[in-house]
Amino acid sequence: MRARVLAAGVAAVLLTGVPAIPATAGGAARAGSAAAVVPCPKLPTPKVTRPPRPTPPAAVPEQQRVGGEALATPGLTVPAGAPAPPPVTATSWLVADLDTGAVLGGCGPHEYGTPASVQKLLLAATMLPKLNPKQVATVTRPDLDIEPGSSAVGLLDGGRYPVETVWLGLLLQSGNDAANLLARLGAGSAAAGVREMNAEARRLGALQTRAVTPSGLDGPGQFTSAYDLALIARVCFADPTFRRYALTERTQIPAQPALRKPGFQIQNENQLIYRYPGALGGKTGFTDLARHTYVGAAERGGRRLVVTLLGAEARPVRGWEQGARLLDWGFGLPPDASVGRLVEPGELTTASPSAPPAAPVAAAPAASRPTAGAPHWLGGAVVGGAAGLVGLLAVLLAVGRRRRTRRRVRRPVAWN
């Protein structure tokens, strides 16, 4: 009896020491509760026909607080006393300083969005350091396996192109064929390239980013956020080779004599580099599902700022123009203005429990899976604590049984 009482007491003590786990991943309170959310200034948008929006992963509070508590809001976050940012059509956006990492403001900076071709920046961040720009690559048929009608450079099966030319085709013309080729060159296959892209996203702290295609063509479960895009863009613009590519206005795709095909010229589709003083370049994107996405950067007065947009419409203002207006707003803020910061590469654990998986993995046995919304260390603590509790209870009950057995031996029952 005493053993049972002791076991119950120990169980009560242990269980009260285990933190409560939210019932759902989005159940924990956010820094900007529903009552405190400030609406983002919005431009009226035309009605468009689009595929059904994909269901994003459940919100994870730890991810939404990356960079600072003020970023954990689906609404507007700007420095105290700052002028209102210009209205845009984007569903989420962020402006940050490329050098200091200060986040100057944003709208739903950690809200999930579909990337479209701005995902090519993650490909660049992953593969640009690995590939020799002077290497000549031969195109294979799988490299050209892209959605019919989607953007392409026009690479030819069996064609031979310098890697530098392929990068320019990716960044100027948003070539999905170039994306497949670069992912294969860097990792052995396009699929392996995507896995490396996801690993790089986790290293950068872009925990809400999950790539499914190298190019940003829509795929199930593919998401990012305005904050994550700023992390990725910051790494890209730190690379002088990327900056040179991003500011290239036009280039020549070489002829393929063996295939009897002439060369041709391509131009940079990012209008910011032509029309915005101090532009550093960036990347445009569009799919029917993602709508217009955009990343752009510029320098003014010794400051380098980056803007990221997701889910924008091109009317009444095109994506790059919305980005330009937000850059103007950012440059108008004091140098020390901030609502958060961009985390440094490697600052967050690459095995973060809140990070989306780089690729589908086999489900763990139900007994070992953490409860949804809880960090894995907490799930492990609960499971480990439960296992330890069970073991302790078993020992206590066994001790009780042994004591009862000894008592029965000393006082045998009389049968007659």
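1. Ground rules. This is a predicted model, where local features need pLDDT of at least 70, side-chain atom pairs count only at pLDDT 80 or more, and totals for chains, interfaces and linings use all residues. Residues are numbered from 1 along each chain as its sequence is written, and side-chain values use heavy atoms, with hydrogens and water left out.

2. The overall picture. You'll find eleven helices and eleven strands in the chain; these are DSSP runs numbered from the N terminus, with helices being H or I of at least four residues and strands E of at least two. The chain has 416 residues, and 48% of them count as buried (under 20% relative accessible area; exposed is over 50% and partly exposed lies in between, with a 1.4 Å probe and protein chains only).

3. Contacts along the chain. Take the contacts (heavy atoms within 4.5 Å) between residues at least 6 apart in sequence: 72% of these join residues at least 24 apart.

4. H3 and H5. The axes of helix H3 (residues 120-127) and helix H5 (residues 176-187) come within 10 Å and cross at roughly 25 degrees. Axes here are lines fitted to C-alpha atoms, for helices over the stretch in contact, and angles run from 0 to 180 degrees between N-to-C directions. H3 is therefore roughly parallel to H5 (angles under 35 degrees count as roughly parallel, over 145 as roughly antiparallel, 65 to 115 as roughly perpendicular and the rest as oblique). On the H3 side, look for Lys120, Leu123 and Met127; they meet Asn176, Ala179, Leu182, Ala183, Gly186 and Ala187 in H5. The residues of this H3 and H5 contact divide into six nonpolar, two polar and one charged (nonpolar: Ala, Val, Leu, Ile, Met, Phe, Trp, Tyr, Cys and Pro; charged: Asp, Glu, Lys and Arg; polar: the others, Gly among them).

5. H4 and H8. Helix H4 (residues 163-173) and helix H8 (residues 240-247) have axes that come within 9 Å and cross at roughly 60 degrees, so H4 and H8 are oblique to each other. Glu164, Trp167, Leu168, Leu171 and Leu172 of H4 make the contact with Phe242, Arg244 and Tyr245 of H8. By class, that H4 and H8 contact has six nonpolar, no polar and two charged residues.

6. Val48. This residue sits in the loop between helix H1 (2-16) and helix H2 (61-64). Val48 counts as partly exposed because its relative accessibility is 32%. Leaving out residues up to four places away in sequence, Val48 touches Arg291 and Glu313. Val48 and Arg291 are 243 residues apart in sequence, with 9.7 Å from C-alpha to C-alpha.
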